Amino acid sequence: MSQKNMRRRGMWGLALSARIGLLPIAFWATAQQATAQQATAQQATAQQATAQQATAQQATAQQATAQQATAQQATAQQATAQQASLPQTSARYLINMHGLHVLTAAVSYRLGNNAYSGLAQVWTSGLLGLFVQTDMRMQGTGRFLPDGMAEPAEYDSAGTYNHEQSHLHMVYQGGVPRITVQEPPLNHREEVTPAERAGAQDVVALLVGLVHQLQTSHRCQEASQKFFDGLRLSTLTMRNTGAERPPSGASKAWGAQAWTCNFVMQQVKGFKADSQFSKLRQPQLGRVWFEDIPNIGMSVVRIEIEHPKMGHIVMRLDATPTQSP
């Protein structure tokens, strides 16, 4: 064999050896690629399964939310139907400041064993009406807890206050009042956070709650309470003080003995920005009288309170309450 042919065969052998030597590397790369593709496929499958699981969980949560909303709506409809079947009690109160009649309040409410609705219309009267125009409507609905306390569901107030139109609407979610409408908007006043107003009541819930407590147990609930009016947060504590004859001229044809409760109300949040030394930070002392009026039941006949700015305020029942379907 010529030397030239031997070189050619040697070169071909080297090339063949090199190719044979590279086969394991090629197979390894191919295997790695296949493994990577398999891992990618498994990852995609896992992601798809996770997405399907998340979608299923979201659908379950939406279904649970819808069921909860349906249950709440059914409860509200049931409460509304129950309230509609209850008799409505209506009463009129005169509000005096420093001995002068300045406001009149027309109040009506329906009280059941576990539900309530209430409405109050307040307007200026007497000489005050020449300087200040106030005509406000307040209404609320809710239920009574086993301890006799009122738990609001909804509250709305609208009208004219000191020549200015105002409107406040609140709904209660988990015991927390949530403002859905507030006109005029909150300005230059410290915010009351949702956590701070948790468990707070509105003015309708406070008043009908007191009446319900006296009708069912002849006692005021002495646990500390919170009151939120959309702007200010206050605390309220009650203390039972027994029975006594009402002040002269307070009681009329409905009786002569009243159950009494003293109370202390104090604003704790929602002050104006420049009111570090405001008198409204002081406790407001007061007293409420209840009488068991024939064919009506236990009713508020008189409330007195010492207001830090407006002085001594008296709210008294003007005539015997009435009931209607």
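I95 stands opposite M315 in strand β13. The model is predicted: local features need pLDDT of at least 70, side-chain atom pairs count only at pLDDT 80 or more, and totals for chains, interfaces and linings use all residues. Residues are numbered from 1 along each chain as its sequence is written, and side-chain values use heavy atoms, with hydrogens and water left out.

Start with the whole protein. Its secondary structure consists of three helices and 14 strands. These are DSSP runs numbered from the N terminus: helices are H or I with at least four residues, strands are E with at least two. The protein has 325 residues, and 36% of them count as buried. Buried means under 20% relative accessible area, with a 1.4 Å probe and protein chains only. The accessible surface is about 19300 Å², computed by the Shrake-Rupley method with a 1.4 Å probe. Carbon and sulfur atoms hold 57% of that surface.

Now the contacts, meaning heavy atoms within 4.5 Å. Take those between residues at least 6 apart in sequence: 52% join residues at least 24 apart.

Back to β13. This strand spans residues 311-317 and is mostly covered, with five of its seven residues buried. Two strands pair if DSSP finds at least two bridges between them. Strand β1, residues 88-97, runs antiparallel to β13, and five bridges join the two. Strand β12, residues 297-307, also pairs with β13 in the antiparallel sense, over six bridges. There, E306 has H312 of β13 as its bridge partner. A hairpin of three residues leads from β12 to β13.

How values were computed
Buried means under 20% relative accessible area, exposed over 50%, partly exposed in between (1.4 Å probe, protein chains only).
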